[in-house]
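Please walk me through this structure in a series of questions and answers, for someone who is seeing it here for the first time.

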Amino acid sequence: MTKFKDFMATYQPQVNETLRAEVVTQAGPTAPQTWVAMLTYALLTPGKRLRPLLALAVIDSFGEEINPSALQTATALEWIHAYSLVHDDLPAMDNDTYRRGQLSVHALYGPASAVLVGDALQAGAFSLLATVPDLKADRQVAMVQTLATKAGARGMVLGQVLDMANHDTNEDQVALAAVLDQVYQKKTADLLQAAALLGGQYLGLAHTSIDLLGEYAGALGLLFQIKDDLDDYDQDAREGVVSLVHLVGLDQAQDLAQQLKDRAQAALDQLTQAEMNFDSELLTSLLAQIGA
Ligand code: GRG
């Protein structure tokens, strides 16, 4: 379990420094300071940086160096994640005043600015992938395509659409649980899956190995959400929030969590068989950390 914790402690500062520098580059030399400040605020508020760290962990697990190209690739995921949080907090969406323990972007700068910050962060993510230094163009294109698919109309944004529709539904428990499972897959797991896939595409791995990374991270992403629900079980009940765990019950949720752990571990085991250079220890440690 400590291996991924150590990895986080080592690379979180480098991820943050890369994010900070990229804002300045993307905004350009003539950008107003207030605009740079808004983008920096949205990206640099305290967070785990789990998505970039997962992409970096994949790269590290194949013995490759965490260099500026790897960091640029990985941080593109945080640009998408940050945009989704900024837009999710808007008055027209969840209307949250606080995010990551600080004022949300719309609460601090106003909703119109928050829309624009999210727009720029989303576009910026693709610019980062398309300009990764010293990376073959076919790998850049594959990464752009993957991130667009996982973040867009059939991925994370669809998760939000389904979630919004879900609030108005009168379905029974079983149907609701199925919808929520779909929401979790799209809203949470798809971007984590993109992180692992991007790591594999950055390395130029065979499709079969990239698929196994996707399998691992898809299960990890769902586990991440179910664990979050399990941790918040009592608080959600008090606040009237209906999570998947409430719908299926504690026992079944715990069974599901175990199945997801097993599925993720099986993907890592297959990858170990398929790839001589792959060391599964770091990704196993992340799985243990999320599943603890
Ligand atoms: C496109 C508007 C729009 C929304 C997309 C991602 C999303 C849907 C909304 C954000 C809110 C939310 C609760 C999403 C579920 C994913 C999730 C658990 C986000 C929190 O991720 P962490 O725990 O957060 O990694 P930090 O702050 O550590 O980065």
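This is a predicted model: local features need pLDDT of at least 70, side-chain atom pairs count only at pLDDT 80 or more; totals for chains, interfaces and linings use all residues.

Q: How is H1 oriented relative to H4, roughly parallel or roughly perpendicular?
A: The axes of H1 and H4 lie 10 Å apart, and the two helices pack at an angle of about 80 degrees. Angles of 65 to 115 degrees count as roughly perpendicular, so the orientation of H1 to H4 is roughly perpendicular.

Q: Which helix gives the largest share of the shell around the ligand?
A: The ligand is surrounded by 16 residues, the closest being Gly47, Lys48, Ser84, His87 and Asp88. By class, this shell has five nonpolar, seven polar and four charged residues. At least two residues of the shell come from each of H4, helix H8 (156–166) and helix H9 (173–203), and the largest share, five residues, is supplied by H4.

Q: How many residues of the largest nonpolar core come from H9?
A: The largest nonpolar core has 80 residues, and those with the most contacts inside it are Leu54, Ala195 and Tyr216. Tyr216, leaving out residues up to four places away in sequence, touches Ala196, Ala264, Ala267, Leu268 and Leu283. The largest share of this core comes from H9, and the number is 13 residues.

Q: Is Lys187 buried or exposed?
A: Lys187 has its place in helix H9, where, apart from neighbours within four places in sequence, Lys187 is in contact with Met156, Gly159, Gln160 and Asp163. The C-alpha atom of Lys187 is separated by 15 Å from that of Thr146, which is 41 residues away along the chain. A residue with 20 or more other C-beta atoms within 10 Å is buried, and because Lys187 has 23 C-beta neighbours inside 10 Å, Lys187 counts as buried.

Q: What is the phi of Asn95, and is Asn95 exposed, partly exposed or buried?
A: Most residues other than glycine have a negative phi. Asn95, although it is not a glycine, has a positive phi of about 55 degrees, and Asn95 is found in the loop between H4 and strand E1 (98–99). With 13 other C-beta atoms within 10 Å, Asn95 is partly exposed.

Q: Where is Asp134 found, and is Asp134 buried or exposed?
A: Asp134 is not a glycine, yet it has a positive phi of about 55 degrees. The place of Asp134 is the loop between helix H6 (111–130) and helix H7 (137–151). Because Asp134 has 7 other C-beta atoms within 10 Å, Asp134 is exposed.

Q: What separates Leu250 and Leu230 in space, C-alpha to C-alpha?
A: Leu250 is found in helix H13, residues 250–274, and with 11 C-beta neighbours inside 10 Å, Leu250 counts as exposed. Leu250 and Leu230 are 20 residues apart in sequence, and in space, C-alpha to C-alpha, they are 7.8 Å apart.

Note on methods: Residues are numbered from 1 along each chain as its sequence is written. Axes are lines fitted to C-alpha atoms, for helices over the stretch in contact, and angles run from 0 to 180 degrees between N-to-C directions. Helices (H or I, at least four residues) and strands (E, at least two) are DSSP runs, numbered from the N terminus. Angles under 35 degrees count as roughly parallel, over 145 as roughly antiparallel, 65 to 115 as roughly perpendicular and the rest as oblique. A residue is near a molecule or strand if its C-beta atom, placed from the backbone, lies within 6 Å of it. Ala, Val, Leu, Ile, Met, Phe, Trp, Tyr, Cys and Pro count as nonpolar, Asp, Glu, Lys and Arg as charged, and the others, Gly among them, as polar. A nonpolar core is a set of buried Ala, Val, Leu, Ile, Met, Phe, Trp, Tyr and Cys residues joined through C-beta atoms within 7 Å. A residue is buried if 20 or more other C-beta atoms lie within 10 Å of its own, exposed if 12 or fewer, and partly exposed in between; C-beta atoms are placed from the backbone. Two residues are in contact if their C-beta atoms, placed from the backbone, lie within 7 Å.
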